[in-house]
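Please open the structure in your viewer and keep the selection tool at hand.

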Amino acid sequence: MGGLPAIIFPMESHSAYARIGIALLFSGAVAAPLFFFVAGSIPLTALALSSVLLGAISLLLARSLPRVPPQAAQVLLEAGLENLAALLEELGVEAKAVYLPSALAGGRPRALIPLHANPERPEVTRSLPGRMIVEYGPGPEDLGILVTTPGTAVMPFLEAPPGPSSSELEAALARILVGVLDVATSVQVVQESGVVTVRLGGVRFDQKDLWIYRVLGTPLASVAAAVVAEGAGHPVAVHAEEHAAGRSTIHLEVVR
Amino acid sequence: MTLYNRYLLTLAVAFTATATVLAAYGQDRLDAYFTAYVIEYLVVTLLYVYLDPRARRLLDIMGYVLFGGFMVIVALKVVEILRGG
């Protein structure tokens, strides 16, 4: 199937949206002339017309669905994170990660995991090279691992880097978490004395208790931290997370 | 409920409510229903600002087509008025 038919009836998309779209489009297209010419009812014809419109919209939505199903994406994500967890466990790393903006992490926002646990957050003042093991300070113990996180992967979905204000961060996070990933229905960002609180409503994401989450934070916190770090232009650490009944609250600490 | 489902449900409720209200008021011109649908489509699509960029591009094309239909209706009305109908 090629050309216009392929655009209207995508072969690769046998999703519910495509099936509903075809059903609504054809039932509306058949019913509209019947209601207009045979029954002579304008309201019923208008109802059939709305069915045609909804069918066309469903088909368009079917064409824009992600090619990788959400379940498959979650399996791939967990497999990647478990590999990283195994590596960190072997190295005996337990320090919490610090999310760096792209300006400090070789062009892409990434997370720095210090190899030595310190009560102090690592202080990164210069751009680190895009390697896995990096020296982030002058001291002999200032070694860390620079890793790609879920937050790194979603950053290209933002058309422009976010600004530092709460509303700009909120808009950027909503675009990613609500629009692109569709894992939450609402996002609220509040900033107060160096702590950024991100509240998510209608969360639809299986929060398993993986060991790696103690280091990097959950994928939702990782995305939030990466976006806030990019917006603030400073390193950000996941301070705390609370998850309950479809709501998540993520407290992020901006390291200045 | 996913964002796409909410979007479709909002449109379905808006279209059905419009058809019901206009029918209750005895409206018997198809262009009135179509115009209401076009306005509702444009407003609802605008409100769902966080839709995926690919979906938004496709829905924008649909918006242009519907707006074109609306302009045809307006043009026909203008011709009708100019002819003294």
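**Chain B as a whole**

Begin by selecting chain B and displaying its surface: the accessible area comes to about 5000 Å², and 72% of it belongs to carbon and sulfur atoms. Please bear in mind that this is a predicted model.

Three helices and zero strands make up its secondary structure, and from the N terminus on the elements run α-α-α. Taken along the principal axes, the C-alpha atoms fill a box of roughly 50 × 30 × 15 Å. The radius of gyration of chain B is 15 Å, whereas a compact globule of 85 residues would have one near 12 Å. Of these 85 residues, 39% count as buried. Among the contacts in chain B with a separation of 6 or more, 62% are between residues 24 or more positions apart.

**Helix H2 of chain B**

Now select residues 30-47 of chain B, which form helix H2. This helix has 18 residues and reaches 26 Å from its first C-alpha to its last, close to the 26 Å expected at 1.5 Å a residue. Colour its buried residues, among them Tyr33(B), Phe34(B), Tyr37(B), Tyr41(B) and Val44(B). What covers the buried residues of this helix? The cover includes helix H3 (42-63) of chain A, together with helices H1 (3-24) and H3 of chain B.

**Salt bridges between and within helices**

Side chains of opposite charge can pair when their charged atoms come close. The structure holds four salt bridges over all chains.

Select Asp31(B) and Lys77(B), which form a salt bridge whose closest N and O atoms are 3.6 Å apart. This pair links distant parts of the chain, since Asp31(B) belongs to helix H2 and Lys77(B) to helix H3, 46 residues apart. Asp31(B) counts as buried, at 18% relative accessibility, while Lys77(B) is partly exposed at 27%.

Glu80(B) and Lys77(B) are three residues apart in helix H3 of chain B, so about one helical turn separates them. Glu80(B) is partly exposed, with a relative accessible area of 40%.

Which helix gives the largest share of the nonpolar patch? Helix H3 (residues 53-82) of chain B does, with five residues. Val78(B) is found in this helix and is partly exposed, with a relative accessible area of 42%.

Ala75(B) also lies in helix H3 of chain B and counts as partly exposed, at 39% relative accessibility. Select Ala24(B) as well: the C-alpha atoms of Ala75(B) and Ala24(B) are separated by 28 Å, and the two are 51 residues apart along the chain.

**A last stop in chain A**

Move to chain A and select Arg204(A) and Asp182(A), which form a salt bridge with the closest N and O atoms 3.5 Å apart. Arg204(A) lies in the loop between strand E6 (195-201) and helix H7 (213-216), and Asp182(A) in the loop between helix H6 (166-180) and strand E5 (186-192), so the pair ties together parts that are 22 residues apart in sequence.

Note on methods:
Residues are numbered from 1 along each chain as its sequence is written. Chains are lettered from A and ligands numbered from 1 in the order in which they are written. This is a predicted model: local features need pLDDT of at least 70, side-chain atom pairs count only at pLDDT 80 or more; totals for chains, interfaces and linings use all residues. Side-chain values use heavy atoms; hydrogens and water are left out. Helices (H or I, at least four residues) and strands (E, at least two) are DSSP runs, numbered from the N terminus. Buried means under 20% relative accessible area, exposed over 50%, partly exposed in between (1.4 Å probe, protein chains only). The radius of gyration is taken over C-alpha atoms; the globule rule is 2.2 Å times the number of residues to the power 0.38. Contact means heavy atoms within 4.5 Å. Accessible areas come from the Shrake-Rupley method with a 1.4 Å probe; for residues, only the protein chains shown count as cover. The expected span of a helix is 1.5 Å times one less than its number of residues. A salt bridge is a side-chain nitrogen of Lys or Arg within 4 Å of a carboxyl oxygen of Asp or Glu.
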